[in-house]
Amino acid sequence: MYDRILLPTDAGTGAERATDHAIELAAAHDADLYALYVVDSDVYASYAGDEYVHELEGLESALEQEGDEALEAVTERAGEAGLEVTTAIRHGGPHEAIIAYADEEDVDLIVMGSKDRPGEYRRLLGSVTERVVRLSSRPVTVVKTPVEE
């Protein structure tokens, strides 16, 4: 049923369960697993950087390093299940980059994590996952993680 599964990750609270789910699905379907980290260009493009002090060259580099670490964690967990992972880092708006990458790699399924927050929070801010679900022409599985407020 699934030959190519995409797991966008941000290494956040909602990503852990989604990672487990994507790995289980890939193993069960003998599917190729792709892991994607998106460096949100709005974050570093809107930041002047004057006060930012980091051992790397700046905020963009720090976000890329965070992405490398997140993808490495997915690769390690998938390796424990006997799977190899194709990883990528993209820059841009997260939901747009996820959808574009899914199209580039012609994935059959996108597996995303979502923090299960109260309705009021959702109505005010929305989420990357909700945008991907709404705008993608591909199937999206949402794996929720309860978050205490």
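**Exercise 1.** Leaving aside its neighbours within four places in sequence, which residues is T145 in contact with?

*Solution.* The model is a predicted one. Step 1: locate T145, which belongs to strand 5, residues 140-146. Step 2: set aside the neighbours within four places in sequence; T145 is then in contact with T13, G14, R17, S114, K115 and D116. Step 3: consider accessibility. Buried means under 20% relative accessible area, and T145, at 9%, therefore counts as buried.

**Exercise 2.** Determine where G93 lies and whether G93 is buried or exposed.

*Solution.* Step 1: G93 is found in the loop between strand 3 (85-92) and helix 4 (94-105). Step 2: its relative accessible area is 16%, so G93 is buried. Step 3: not counting residues up to four places away in sequence, G93 touches V38 and S41. Step 4: the C-alpha atoms of G93 and V39 are separated by 8.0 Å, although these residues are 54 residues apart along the chain.

**Exercise 3.** How many salt bridges does a search of the whole structure find?

*Solution.* Step 1: the search finds 5 salt bridges. Step 2: one of them joins the side chains of R4 and E105 (3.3 Å, N to O). Because R4 lies in strand 1 and E105 in helix 4, this pair ties together parts that are 101 residues apart in sequence. Step 3: the side chains of R77 and D20 also meet in a salt bridge (2.1 Å, N to O). R77 lies in helix 3 and D20 in helix 1, so the pair ties together parts 57 residues apart in sequence. Step 4: D103, D106 and R138 are linked in a network of salt bridges.

Methods: Residues numbered from 1 in each chain as written. Predicted model: local features only at pLDDT ≥ 70, side-chain atom pairs only at ≥ 80, totals over all residues. Heavy atoms only, no water. Helix = DSSP H or I, 4+ residues; strand = E, 2+ residues; numbered from the N terminus. Buried < 20%, exposed > 50% of the residue type's maximum accessible area, 1.4 Å probe, protein only. Contact = heavy atoms within 4.5 Å. Salt bridge = Lys/Arg side-chain N within 4 Å of Asp/Glu carboxyl O.
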